[in-house]
Amino acid sequence: MNILGALKITVKKGIDLKVCDAFSSDPYVVISSGSQKLKTRVIKNNCNPEWNDVLTLSVTDPDMPITLNVFDKDRFSKPDKMGDAVVDIKPYIECMQMGLEDLPIGTAVKKLQPEESNCLADESKVIWVGKGKMVQEMTLKLQNVDKGKILIKIEWLDLPGCKGLHS
């Protein structure tokens, strides 16, 4: 398997998530891509949870979809689904492949608008943070549920001995 590098996904917080239990929910997030599945911790009784959990996926194919699912942890039954979203990393990867250098820190390399083809709730920017690094914050509107958003941040990590994005 040719690993290109890793994608660091910071699951920052949930906003106005669905109530699954009597008055609240015990939400956690599962991020999956291919055979990889990563999970945040559960935050009890909170429909506006702040995780700030960092999950790292190895990337073999930048076109492989990354799915984010939110669940409500139940003690005695199967977890309730609280919505899902697809994380589109292609625009971010394209920015990383431009080979940019020496931009002022904080420069927005690309701005993405919410549209039918993505799960963005509002504008998302790919931001230059210096030394060849960029980050993208996204507020994702959860699908298959009546409300809720998840705020994440993605950042590419070059791994020693891996091809990287510039090959």
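User: What makes Asn52 part of strand E4?

Analyst: Strands (E, at least two residues) and helices (H or I, at least four) are DSSP runs, numbered from the N terminus. Asn52 has its place in strand E4. The model is predicted, so local features need pLDDT of at least 70 and side-chain atom pairs pLDDT 80 or more, while totals for chains, interfaces and linings use all residues. Residues are numbered from 1 along each chain as its sequence is written, and side-chain values use heavy atoms, with hydrogens and water left out.

User: Why is Asn52 called partly exposed?

Analyst: Buried means under 20% relative accessible area, exposed over 50%, and partly exposed in between (1.4 Å probe, protein chains only). Asn52 has 46%, so it is partly exposed.

User: Is Asp102 buried or exposed, and why?

Analyst: The relative accessible area of Asp102 is 73%, so Asp102 is exposed.

User: Why is Asp53 called buried?

Analyst: Asp53, in strand E4, has a relative accessible area of 14% and is therefore buried.

User: What makes the pair Asp53 and Arg41 a polar contact?

Analyst: A polar contact is a pair of N or O atoms within 3.5 Å; within protein, one must be able to donate a hydrogen and the other to accept it, and residues adjacent in sequence count only if both atoms are side-chain atoms. The side chains of Asp53 and Arg41 are joined by a polar contact of 2.8 Å.

User: Why does Glu155 count as buried, and what does Glu155 touch?

Analyst: Glu155 is in strand E10 (residues 149-157). Its relative accessibility is 11%, so Glu155 counts as buried. Contact means heavy atoms within 4.5 Å. Not counting residues up to four places away in sequence, Glu155 touches Ala6, Leu7, Lys8, Tyr92, Lys133, Met134 and Val135.

User: Which residues lie nearest the centre of the largest pocket, and what makes a pocket?

Analyst: On a 1 Å grid over the protein atoms alone, a pocket is an open set of points where a 1.4 Å probe fits, with protein on both sides within 12 Å along at least five of seven lines; lining residues have an atom within 4 Å of a point. The largest pocket has 13 lining residues, with Ser33, Gln36, Ser58, Thr60 and Met64 nearest its centre.
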